[in-house]
Amino acid sequence: MKKTSADVLPAVGGQGNEPLLAVDNLHVEFHTRAGVVRAVNGVSYTVAPGETLAVLGESGSGKSVTAQAIMGILDMPPAVIPKGEIRFKGTDLLKLSEHDRTHVRGQRIAMIFQDALSALNPVFTVGWQISEMFRVHRGMSKSEAMKKAVELMDRVRIPAAKQRVHDYPHQFSGGMRQRIMIAMSIALDPEVLIADEPTTALDVTVQAQIMELLAELQRESQMGLILITHDLGVVADVADKIAVMYAGRIVENAPVYDIYKAPAHPYTKGLLDSIPRVDQKGHELYAIKGLPPNLLDLPTGCAFHPRCPLRQENCVTDAPPLYEISGTRGSACHYWREVLDGERR
Amino acid sequence: MSNPTPPVGPGLPETQTMVSDTVTAPAPERQGRHAKKSGKPASLWTDAWYDLRRRPTFIISMIIIVVLLVMSIWPSLFTSIDPFNARSCDLATARQGPSAGHVFGRDNLGCDLYARTVYGARNSIVIGVLTTVLTTVIGGLLGIIAGYRSGIVDTVASRITEIFFAIPSILGALLIAATFRGQYNSILLVIIALSVLGWPMVYRIMRAAVITAKSQDFVVAAKALGAGSGRIMFRHLLPNSLASVIVVGTINLGNFIAAEAALSFLGVGVQSPDISWGLMIADARNRFLEAPLPLVIPAVFLSITVLAFIMLGDAVRDALDPKLR
Amino acid sequence: MANGGEPVLEVRDLVKHFPLNQGIVFKKQIGSIKAVDGVSFDLHRGETLGIVGESGCGKSTLAKVLMALERPTSGSVKIGGRDIGQARGGELKRMRRNIQMVMQDPYTSLNPRMTVGDIIGEPYEIHTEVAPKGDRRKKVQELLEVVGLNPDHINRYPHQFSGGQRQRIGIARGLALQPEIIVCDEPVSALDVSIQAQVINLLERLQNEFGLAYIFIAHDLSVVRHISDRVGVMYLGKFVELGKDAEIYDRPAHPYTQALLSAVPVPDPEGRERRERIILQGDPPSPANPPSGCRFRTRCWKAQEICAQEEPLLQIRPGTGHLSACHFAETHDVVHAG
């Protein structure tokens, strides 16, 4: 008989009060000709069943690399994970053999990508691609698997699923393709779903449809959802808690209501001030000055210091740890109190 | 907002190299290859030339090419023996090994191998270089026009090249060379025959590269500025399509020199008493096992020539890509 | 800012259809994609008209027709009283000096094999009468300074700059000929959040400094609200609603506008459960075969018999103060509700 993921990992529950998924002090480097790119520098976060964690960051912040490390889909080399743990129900995934890892990938932890068109194979029908999940991992017959594929397409609300199951990816619109991707990712009832910019390429009305679908699926199955995005609006809409990343580190984490009410890191504050809003017409936008850092050559001390309006001397020399503000909040700024107070004026 | 670099890949996910914007950011600056002052205007070509002069591959290949050119123009500078003088050959010494005064030994007819190789350079290099230039200019020009214009121009040009592609090139060249044999200089005939059949390859490469470049936004931007077809083709499309054409061109150069050998062997190329490397290789084949040098020496010269041009092509291609400087 | 006087740009009944052909040798037209299908508006000096809509609504085609990169099927685009859609040769070239564009993708919109100086200086090489040869380099350096870049970087290549800086280079190129109108096609959507604000602020500063009129095309409704004086909402090649920014955002009258606005995530979790959300079903119909009557009726919750038969015109409807194309137009604030 085929080894299933249950043989590799303990069944539901795990050890003690371990969270569903815990990333602990993860480091990822890329060894390139130009030098060592420190993409992730000590990231820690957890996700509980039914919880939505939003990982917010700009390009180069390391948010996608962290997700790829969780999935085990980084190209190694050039990527290297020198330090850290990724615990799924208490089992460190990084210590598993590649063979055992494949039982976790896709079955227990699944991922959806930004670009659904390039993630789907253009020469196979979508039905074939969805049913492949069942044939390969569940050993189902072709017709059985196809039936399950239609069910799944129904579940992600693709109209006329029965007919469209034989269509090819290019025959679907962008939103429908993203639904197909979601169908594939939830086919094996994963416990953690990582969504990497799932709606960035989509129009707002379609984006709303997809986010609603994800929320519904999550309610039904109590998946832990990691939503990777740069969009502060989407985060505010769906997240339970947020981890803000900058230059490969988490600079602030907090429950979603707290962070929007009063950010505790100047970068978060700058982001919130710099976005225009549909519900009000502001004056000039606040612009964070400067550019995102060069990962080949990170600034000393706090990586945000060259762009920070509150910079003091020790910011240039000492890298701030993630200070604990409360049980659920942290900020990697020496002056988080000032940032918080400034907001509460 | 979308990530301009693909998120997954072997390179650097989510990374881009940045140079500081001095107005807004004091981040350390990654110095380019030379500190450019804003005083003198730079352009792709002046920068490429500046860059080339510092590339070892360019310097080495240019030294080899210059030596070869001098050799083809003034072969007597390299040898005091005149291979066209019948008295310089002696059948009794045929296939003799290297000796004093005859560094590479003698060939099947007892002629000095070194002298013949030096005098053979002219025809081989003239054929190789001129054919490459002709095919690149014809194929490149037609390719850029067809790729840019598309529509009926493209359809007609592409169908014509397909006809040329259908002709086996040696057979076609043989036909052309045989038909006009005697009416023209045999070297010229070889060049024309090889060019007529060689340009469609360059055409295809150029056309494909232009079609890729054409869809980029900077071409639309140029049109919006009111740029004419000539400017778009030669300022925007050409520099962005040149790389693959240069690679193909330099590889073709070796093929053309070799093809000349095949034509000579078939009796329509360069004919004795003229000398070319191809002809020498063809002549030496039968006795290769007894005397390898008469074949090996011109073959080595041919390889060095081709290698030098390929190195030159690579250096030029890299110099024309600002990202690689 | 939207003042009276002569408009700098007058667009009337603009139509752009792309033929759908079948066959290679003997082409037969089997239909057409109605990308832009009857669009009219004015643009005044110093004003920003935002154009929003989903992908495929024809907003990018509209930009191309305004820029005379595509010839209109019918209708007119008048700049300073002359129709750029009909202009040819030298006249067209002269008219281009007055309308320039900033493109979406800062990575493909700059020729990687030209220096920044050559890119920004190209307008002067094409329109040699604008600046004498000796002055061009100085002008390019001034432009670099205007958009907030270091004039000493004139000899660098685009890849040596970040996305936001490249977009500044693109803006400098657009400014070189001192146009009155700049068409911005998704100018910030490819940029990081923290960089978007820098570029938006730059565009606003330049507008004030040079009295530019912008056509600002974007799918991001928040950005459009921020920068626009008036906003047009496009659906399947037509404006469904056109009005001042507050009219569109606070008192939208067309159901499509309302759905669009309600779908925009607000960066504030407070009250997110109560927020009104109109989730449209399905995808927009194909522009090759738009629905009869009102084009939005297939996805509209208000649709009645009349919507299939009679096309609603873009006009001021009772109870609303601005133009909308709906038989049942009714203002309803979706953004601030809840």
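This is a predicted model: local features need pLDDT of at least 70, side-chain atom pairs count only at pLDDT 80 or more; totals for chains, interfaces and linings use all residues.

Biologist: Why is helix 6 of chain B called roughly antiparallel to helix 8 of chain B?

Modeller: Helix 6 (residues 186-214) and helix 8 (residues 229-265) of chain B pack at an angle of about 160 degrees, with their axes 9 Å apart. Angles over 145 degrees count as roughly antiparallel, and therefore helix 6 of chain B is described as roughly antiparallel to helix 8 of chain B. The crossing of these two helices is right-handed.

Biologist: What makes the contact of helix 6 of chain B with helix 8 of chain B, and how do its residues divide?

Modeller: Helix 6 of chain B contributes residues including Val190(B), Leu194(B), Gly198(B) and Lys214(B). Among those from helix 8 of chain B are Asn240(B), Ser244(B), Phe256(B) and Glu260(B). The residues of this contact divide into 15 nonpolar, 6 polar and 2 charged.

Biologist: Which residues of chain B does UniProt annotate as "transmembrane region"?

Modeller: The unreviewed entry gives 58-77, 125-148, 160-180, 186-206, 241-270 and 295-316 of chain B. In the model, residues 241-270 of chain B are 83% helix and 0% strand, with end C-alpha atoms 35 Å apart. For residues 58-77 of chain B, the values are 80% helix, 0% strand and 25 Å.

Biologist: Which helix of chain C gives the most to the side that touches chain A?

Modeller: Helix 6 of chain C does, with 6 residues. Altogether, 36 residues of chain C are in contact with 39 residues of chain A.

Key. Residues are numbered from 1 along each chain as its sequence is written. Chains are lettered from A and ligands numbered from 1 in the order in which they are written. Two residues are in contact if their C-beta atoms, placed from the backbone, lie within 7 Å. Helices (H or I, at least four residues) and strands (E, at least two) are DSSP runs, numbered from the N terminus. UniProt positions are given in the numbering used here, feature names are shortened, and annotations may be inferred rather than shown by experiment. Axes are lines fitted to C-alpha atoms, for helices over the stretch in contact, and angles run from 0 to 180 degrees between N-to-C directions. Angles under 35 degrees count as roughly parallel, over 145 as roughly antiparallel, 65 to 115 as roughly perpendicular and the rest as oblique. A crossing is left-handed if the near helix is turned anticlockwise from the far one by less than a right angle, and right-handed if clockwise. Ala, Val, Leu, Ile, Met, Phe, Trp, Tyr, Cys and Pro count as nonpolar, Asp, Glu, Lys and Arg as charged, and the others, Gly among them, as polar.
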